[in-house]
Amino acid sequence: MDTFILLAATYESTDAAIADYDAVHTVYKETDLLDTYDAAVISKSDGGKVKIVKKHEQPTRQGSWGGLGIGLVGGALVALFPAVGIGAGLLVGGGGGAALGALAGHVAAGLSRSDLKELGELLDAGDSGLLVVAATDLESRVEKAIERADKLTKKQLEADVDQVSKEIDAASA
């Protein structure tokens, strides 16, 4: 099991969310770990639909998801907002859809039901949001970089990367 922290923040403006997204990117650039993080900025339309404004997703270190270009943030977004997978173009064909579904299932399994509910409610409260999946050794640096948020919460996310990788491979075959 790999342990990650899922940080979620809400904003009144998309610009503030993007600024914190960029600050998180800088943290990873300065530590030379650009290939090891997932982050996404989301915004809601007047109709309440969630769209992805900006994202960086790193496939697993095994590389088995490389052709799909999805990571843990994609799984978290689909677990929290199932329709975002279609609307944001995260589903990349039949295998990709099944793979993203498997990933979302593992993200949901790595969080308690109350965690998912709290994260969904938090992100629903703002006009824009930022989701970052950070390895626990970078958690404090990432949290410090998210300085413009109206609200911030974090939840421990355990991911069995080997099991997810097997399911993604099976779904993509």
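User: Hi! What joins the side chains of Lys 155 and Asp 115?
Analyst: Hi! They are joined by a polar contact of 3.5 Å. A polar contact is a pair of N or O atoms within 3.5 Å, where, within protein, one must be able to donate a hydrogen and the other to accept it, and residues adjacent in sequence count only if both atoms are side-chain atoms. Keep in mind that this is a predicted model, where local features need pLDDT of at least 70 and side-chain atom pairs count only at pLDDT 80 or more, while totals for chains, interfaces and linings use all residues. Residues are numbered from 1 along each chain as its sequence is written, and side-chain values use heavy atoms, with hydrogens and water left out.

User: And what joins the side chains of Lys 155 and Glu 118?
Analyst: Another polar contact: the side chains of Lys 155 and Glu 118 come to 2.7 Å.

User: Where is the place of Lys 155?
Analyst: Lys 155 sits in strand S5. Strands (E, at least two residues) and helices (H or I, at least four) are DSSP runs, numbered from the N terminus.

User: Is Lys 155 buried or exposed?
Analyst: Lys 155 is buried, at 14% relative accessible area. The scale goes like this: buried is under 20% relative accessible area, exposed is over 50%, and partly exposed is in between (1.4 Å probe, protein chains only).

User: Which residues is Lys 155 in contact with, leaving aside its neighbours within four places in sequence?
Analyst: Phe 4, Ile 5, Leu 6, Leu 111, Asp 115, Glu 118 and Leu 119 are its partners. Contact here means heavy atoms within 4.5 Å.

User: Switching topic: how many salt bridges does the structure hold?
Analyst: Nine. To count as one, a side-chain nitrogen of Lys or Arg must lie within 4 Å of a carboxyl oxygen of Asp or Glu.

User: What about Glu 143, which side chain does it meet in a salt bridge?
Analyst: That of Lys 154, with 2.9 Å from N to O. This pair links distant parts of the chain, with Glu 143 in helix H6 (residues 139–145) and Lys 154 in strand S5 (residues 151–159), eleven residues apart. Glu 143 is partly exposed at 29%, and Lys 154 is partly exposed at 36%.

User: And which side chain meets Arg 148 in a salt bridge?
Analyst: Glu 147, at 3.7 Å from N to O.

User: Now the strands. How many of the residues of strand S2 are buried?
Analyst: Six of the seven residues of S2 (residues 38–44) are buried, which leaves the strand mostly covered.

User: In which sense do S2 and S4 pair?
Analyst: The antiparallel sense, over six bridges, with S4 covering residues 128–135. Two strands pair if DSSP finds at least two bridges between them. In this pairing, Val 41 stands opposite Leu 130.

User: How many bridges join S2 to S3?
Analyst: Six, and S2 and S3 (residues 50–56) run antiparallel. Ala 40 stands opposite Lys 55 of S3. S2 and S3 form a hairpin with five residues between the strands, and Gly 48 takes a positive phi near 90 degrees there.

User: Zooming out, how many helices and strands does the protein chain have?
Analyst: Seven helices and five strands. From the N terminus on, their order is β-α-β-β-α-α-α-α-β-α-β-α. The chain has 173 residues, and 46% of them count as buried.

User: Last one: what is the mean pLDDT of the protein chain?
Analyst: The mean is 75, and 66% of the residues reach 70 or more; pLDDT is the predictor's confidence in each residue, from 0 to 100. Over residues 61–68 pLDDT stays under 50, and the model has 22 contacts beyond four places in sequence for them.
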